[in-house]
Amino acid sequence: MITLHHLEYSQSFRVLWLLEELGVEYELKKYNRDPVSHLAPEEYKAISPLGTAPVITDGELVLAETSAIIEYILDLHPNELINPNASSSDRARHLFWWHSAQGSVMPLMLIDSIFRIIQERVPSLINLIVRPVLNKASKGFIETRLVKILEMAEKDLATADWFGGENLTSADILLSYPIESASMRGYITAEYPKVKSWLRRVYERPAFQVAKEKDGRASMAFPT
Ligand SMILES: N[C@@H](CCC(=O)N[C@@H](CS)C(=O)NCC(=O)O)C(=O)O
């Protein structure tokens with residue numbers, strides 16, 4: 001049986017949600033973040049080959065990287081709705097959004113996080129110089145790319161409810177983390193009503209709610 005080593009409030013939430021959607025048996029081991037650094041604790045880093053969350057174990061196997069874990073779980077528990085196969089008309093759409101989650105949206109949110117952390121940590125005098133530089137870089141790079149992705153999301157979500165097409169797929173599960181982050185940072189404005197409705201549908205999924213409960217974030221408000 002798979003054991004998910006779950007670091008609270010982290011990308012391993014997506015694996016937790018997938019396991020709940022599939023309704024398969026798994027063991028959950030929860031770890032709190034270090035209260036000062038907010039990073040994974042030493043006992044977690046000792047298990048994870050990259051020192052990052054998520055990580056799963058299955059017998060002797062130790063596997064890190066969200067997308068590898070998701071593919072591994074879907075190989076063990078095939079599900080044509082969550083993972084449309086090559087004969088499905090939704091396959092290409094599913095693949096596009098699946099890869100854009102890890103290849104485009106997550107990196108943009110990571111750069112955004114780094115820019116925010118720098119501004120929080122440098123002394124205010126230095127921030128007078130740093131902030132305008134980072135804001136310009138953010139507008140020119142992060143926003144330009146994010147807008148393109150969100151515009152495409154609006155078009156696709158106008159034709160079917162999920163990024164994966166007719167059904168919620170692992171593309172939706174992968175995108176949930178960076179899109180929720182983008183929403184909390186104010187990037188999902190009123191110009192993107194379909195993306196907002198998609199996020200609401202995600203929150204309404206019973207499996208998502210169970211995963212939130214297990215993660216400990218069940219009381220968190222819907223991101224605006
Ligand atoms: N590309 C990796 C990224 C993993 C990652 O950065 N995870 C964060 C959690 S959101 C983490 O482990 N942070 C704690 C730390 O670095 O100590 C994946 O998708 O698994």
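The legends below describe close-up views of a predicted model, in which local features need pLDDT of at least 70, side-chain atom pairs count only at pLDDT 80 or more, and totals for chains, interfaces and linings use all residues. Residues are numbered from 1 along each chain as its sequence is written.

**View 1. The two domains and their contact.** The domain assignment, where bounds come from an automatic or database domain assignment, gives domain 1 (3-76) and domain 2 (91-204). Taken over C-alpha atoms, the centres of domain 1 and domain 2 are separated by 23 Å. Eight residues from domain 1 and six residues from domain 2 take part in the contact, two residues being in contact if their C-beta atoms, placed from the backbone, lie within 7 Å. On the side of domain 1 that touches domain 2, α1 (13-22) and α3 (66-76) each supply at least two residues, and the largest share, four residues, comes from α1. Helices here are DSSP runs (H or I, at least four residues), numbered from the N terminus.

**View 2. Helix α4 and its kink.** The 31 residues of helix α4 (residues 91-121) should span 45 Å at 1.5 Å a residue, and the end C-alpha atoms of α4 are 44 Å apart, which agrees; the expected span is 1.5 Å times one less than the number of residues. A kink of about 45 degrees in α4 is centred on S100, the bend being the angle between axes fitted to the seven residues ending at a residue and the seven starting there. Among the buried residues of α4 are R93, W97, W98 and A101, and the buried residues of α4 pack against α5 (124-159) and α6 (170-184).

**View 3. L174 in helix α6.** L174 is found in helix α6 and counts as buried because it has 26 C-beta neighbours inside 10 Å; a residue is buried if 20 or more other C-beta atoms lie within 10 Å of its own, with C-beta atoms placed from the backbone. Leaving aside neighbours within four places in sequence, L174 is in contact with R14, S67, I70, W98, A101 and Q102. The C-alpha atoms of L174 and S100, 74 residues apart along the chain, are separated by 9.3 Å.

Terms used
Buried ≥ 20, exposed ≤ 12 C-beta atoms within 10 Å, placed from the backbone.
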